[in-house]
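I opened my notebook to look up a few places in one protein chain. The entries below follow the order in which I looked.

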Amino acid sequence: MKVYLAASCAGVNATDRKKVIKSNPPLFLLETFYSGAKTCLQVLNDVGREHFLMDSGAFTFVHSKKNITSRELDLFVDRQISFINDYNVKNFFEMDVDQTLGYDKVIQLRKKIETKTQKQVIPVWHTNRGVQSFKDLCKEYKYIAIGGMVVGKNLTISQIFKLVTYAKERGVKVHGLGFTQFKYINQIPWYSVDSCTWSKVAVWGGKVCFFNGHTIINRSVNKNGYKLNLSKLCAHNLNEWIKYQKYMYQRRY
């Protein structure tokens, strides 16, 4: 299983991050285009084109300000298209703006991106599209994603398992967006997942440790209100998650 580490520049300064990347090179990284072309290019160069995954940044962009117009979104997409073409980005998600601008807009942008890049996007299926829509995507795409997963609310583990298994049986790879829940991750035959938990835990004062060969343990290092060096803590957590990433990759698709 491929575990993409998302937002690898978040919370950690350039010097601390460089030390981690050099001493323990990550296998797979994901970056959102909302972070900017410069950051995306840096992350792409860290792991190479084959191991880089670009998120559209659709959710963050649409919620970055009130009453965003369709024209503003189109210009944002144009910048993404230029980046994809300029740097020959291989894998990238579609603009899944279903919840705010509707599925028709998603399809319109999907066609636009695919036409101008001559590459397929990774479509991001959401429950509001219906199960038949998921099955239809499996007929047209070889790599798809499931987004908006809140286990027990939007989808049960059993439902996720059935969807991913359905796709896998048809030779389709499935990515779980933001899905690295240790309780469930090994129950689903994902091809890939991503997470920025390593960074979020640090912000909350949490230190993670790769333990016993396959387990991430979260420990609070800020119980007494001590001032933390956030960059150092983020760098430590990133390093531990890279170890976890390498372990999980042994569980091949």
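**Entry on the largest pocket.** I began with the lining of the largest pocket, to which strand 2, helix 3, helix 5 (98-101), strand 8 (192-195) and helix 9 (197-203) each give at least two residues. Helix 3 supplies the largest share, four residues. I noted that the model is predicted, that local features need pLDDT of at least 70 and side-chain atom pairs pLDDT 80 or more, while totals for chains, interfaces and linings use all residues. Residues are numbered from 1 along each chain as its sequence is written, and side-chain values use heavy atoms, with hydrogens and water left out.

I wrote down the terms. Helices (H or I, at least four residues) and strands (E, at least two) are DSSP runs numbered from the N terminus. A pocket is found on a 1 Å grid over the protein atoms alone: an open set of points where a 1.4 Å probe fits, with protein on both sides within 12 Å along at least five of seven lines, and its lining residues have an atom within 4 Å of a point.

The largest pocket holds about 1200 Å³ of space, a volume being the space filled by probe spheres set on the points, which are joined across faces, edges and corners. I found 42 residues in its lining, and Asp55, Phe59, Leu177, Gly178 and Asp194 lie nearest the centre. The lining divides into 17 nonpolar, 20 polar and five charged residues. Here Ala, Val, Leu, Ile, Met, Phe, Trp, Tyr, Cys and Pro count as nonpolar, Asp, Glu, Lys and Arg as charged, and the others, Gly among them, as polar.

**Entry on the second largest pocket.** I read a volume of about 240 Å³ for the second largest pocket. Its lining has 13 residues, with Lys90, Asn91, Ile122, Tyr143 and Lys173 nearest the centre. They divide into six nonpolar, two polar and five charged. I then saw that Lys173 lies over the face of Tyr143, 4.8 Å from the ring centre (NZ of Lys or CZ of Arg within 6 Å of the centre and within 35 degrees of the ring normal). The charged end of Arg170 likewise sits over the ring of Tyr166, at 3.5 Å from its centre.

**Entry on aromatic pairs.** I counted rings of Phe, Tyr and Trp (its six-membered ring) as paired if their centres lie within 6.5 Å, with planes under 30 degrees apart called stacked, over 60 edge-to-face and the rest tilted. The count is 14 aromatic pairs. Tyr4 and Phe28 make a tilted pair, 5.3 Å centre to centre with 50° between the planes. Tyr4 is in strand 1 (residues 2-6) and Phe28 in the loop between helix 1 (14-23) and strand 2 (29-32), so the pair ties together parts 24 residues apart in sequence. Phe61 and Phe76 are stacked, at 4.1 Å and 10°. Phe61 belongs to helix 3 (residues 58-62) and Phe76 to helix 4 (residues 70-87). Phe33, Phe61, Phe76, Phe83 and Tyr87 form one aromatic cluster.

**Entry on Gln245.** I found Gln245 in helix 10 (residues 230-248). Is Gln245 buried or exposed? Gln245 is buried, because its relative accessible area is 0% (buried is under 20%, exposed over 50%, partly exposed in between, with a 1.4 Å probe and protein chains only). Apart from residues up to four places away in sequence, Gln245 touches Val3, Tyr4, Leu5, Pro26, Leu27 and Phe28 (contact means heavy atoms within 4.5 Å).
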